[in-house]
Amino acid sequence: MPPINLAIVGIGKIVRDQHLPAVAGNDDYRLVAAASRHGRVEGIENFSSIDAMLSALPSIQAVSLCMPPQYRYEAAVKALTAGKHVFLEKPPGATLSEVEGLAALAAGKGLSLFASWHSRYAPAVEAAREFLAGTRIRSMRVAWKEDVRQWHPGQEWIWQPGGLGVFDPGINALSIVTRILPNPVFATAAMLEFPENREAPIAASITFSDAEGLDLAAEFDWRQTGRQSWDIVALTDAGEMLLSEGGARLSIDGRVVHEQPEQEYPMLYRRFAAIIRAGESDVDLAPLRHVADAFMLGRRRQVDAFHD
């Protein structure tokens with residue numbers, strides 16, 4: 001099959017670090033254009049807006065949207081209305097209703113919409129899913145703690161409504177949890193900590209359960225210094241499972257049983273090409289739904305002002 005003519009909108013750090021290398025290594029795509037207010041990609045046509053890009057290059061077949069989530073819905077509507085398949089960076093939108101509307105629009109036009117959850121494609125996630133499917137889970141603890149100054153320097157959008165705050169990384173943990181657990185879970189309580197000078201939380205604690213009474217708790221924090229923590233621990237009848245390093249390594253009772261090089265974004269783009277070829281969409285909203293539930297259930301506690 002001929003390659004898919006792809007364009008990328010929103011040229012920032014994640015695009016340069018992950019999207020561009022993943023696309024360059026995939027023969028399913030031909031990168032033909034980029035649109036961004038400030039960034040440029042050498043060797044292709046660049047535009048200052050998605051409107052100008054779509055108007056100038058009708059040959060574009062698919063668009064990856066990598067701007068902040070607050071601005072993604074409008075761009076996705078424009079791309080879908082122009083007949084383009086759409087890849088949504090995570091989180092797929094600022095609200096559930098936005099993304100559900102996009103899914104309906106894509107379905108009505110026979111186009112593919114991909115809500116990408118890159119952490120689900122971490123090397124050891126499927127091995128963890130298989131392990132948990134074969135045993136009884138007694139409890140699970142999730143610790144996703146990192147330094148916002150290191151990962152989002154100067155990015156004010158993450159502190160604004162719709163930017164999700166600490167749930168920007170926390171949703172990666174939720175995307176893994178909702179993939180590896182055999183049964184769906186639901187939030188039962190939450191505590192969200194808001195700096196007095198910010199509109200989004202800097203930390204969150206959430207408890208979950210399921211129809212069988214699973215004991216599940218998650219801790220997200222953006223004030224971590226030193227070692228960054230991206231760990232999921234499950235106590236099971238078959239031993240203690242540790243899924244660490246954001247899903248890259250799986251250990252059972254202290255013994256590493258699965259570890260491979262990270263290939264999250266190359267796998268995302270392989271999945272996007274596959275659903276385009278199959279005429280399907282992939283829009284799982286479970287991780288974003290859990291974030292929304294945490295805001296609905298959560299008690300709010302004000303903490304000291306945060307400064308970059």
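## A guided tour of the model

Select F220 and M241. Of the 80 residues in the largest nonpolar core, these two touch the most other members. This is a predicted model. Now colour helix α7, residues 167–180. Helix α7 gives the most to this core, with 7 residues.

Stay with M241 and show what surrounds its side chain. Which residues is M241 in contact with, leaving aside its neighbours within four places in sequence? Start with A128, F131 and L132, which are among them.

Next, pick I4, F87, F272 and A273. They belong to a second, separate core, and that core has 16 residues.

**First helix pair: α1 and α8**

Select residues 13–24 for helix α1 and residues 264–278 for helix α8. Two packed helices are described by the angle between their axes and the distance between the axes. For α1 and α8 the angle is about 55 degrees, and the axes are 8 Å apart. How are α1 and α8 placed relative to each other? At that angle, they are oblique. Turn the view to look along the crossing: α1 passes α8 in a right-handed crossing.

Now show side chains at the contact. On α1, select I14, Q18, H19, A22 and V23. On α8, select Y265, P266 and Y269. Colour the contact by class. It has 6 nonpolar residues, 2 polar ones and no charged ones.

Follow α8 to A278, which lies in this helix. Is A278 buried, partly exposed or exposed? Its relative accessible area is 47%, so A278 is partly exposed. A278 and S59 are 219 residues apart in sequence, and the line spans 20 Å.

Select α4, residues 96–109, and helix α9, residues 286–297. These two pack at an angle of about 155 degrees. Their axes are 10 Å apart. Because of that angle, α4 and α9 are roughly antiparallel to each other.

Show the contact residues here too. α4 brings L96, V99 and E100. α9 brings L288, R289 and A292. By class, the contact has 4 nonpolar residues, no polar ones and 2 charged ones.

**Backbone stops**

Go to the loop between β5 (85–88) and α4, where P91 has its place. Zoom in on the bond between K90 and P91. What kind of peptide bond joins K90 and P91? The bond is cis, with omega about -15 degrees.

Move on to the loop between β12 (239–244) and β13 (249–252), and select E245 there. E245 is not a glycine, yet its phi is positive, about 55 degrees. E245 has 41% relative accessibility, so it counts as partly exposed.

The last stop is D253. Where is D253 placed? Look in the loop between β13 and β14 (255–259). D253 also has a positive phi, about 50 degrees, although it is not a glycine. Keep the surface on. D253 has 55% relative accessibility, so it counts as exposed.

Note on methods
Residues numbered from 1 in each chain as written. Predicted model: local features only at pLDDT ≥ 70, side-chain atom pairs only at ≥ 80, totals over all residues. Heavy atoms only, no water. Core = buried A, V, L, I, M, F, W, Y, C linked by side-chain atoms within 4.5 Å. Buried < 20%, exposed > 50% of the residue type's maximum accessible area, 1.4 Å probe, protein only. Helix = DSSP H or I, 4+ residues; strand = E, 2+ residues; numbered from the N terminus. Contact = heavy atoms within 4.5 Å. Axes fitted to C-alpha atoms, helices over the stretch in contact; angles between N-to-C directions. Parallel < 35°, antiparallel > 145°, perpendicular 65-115°, else oblique. Left-handed = near helix turned anticlockwise from the far one by under 90°. Nonpolar A, V, L, I, M, F, W, Y, C, P; charged D, E, K, R; others polar.
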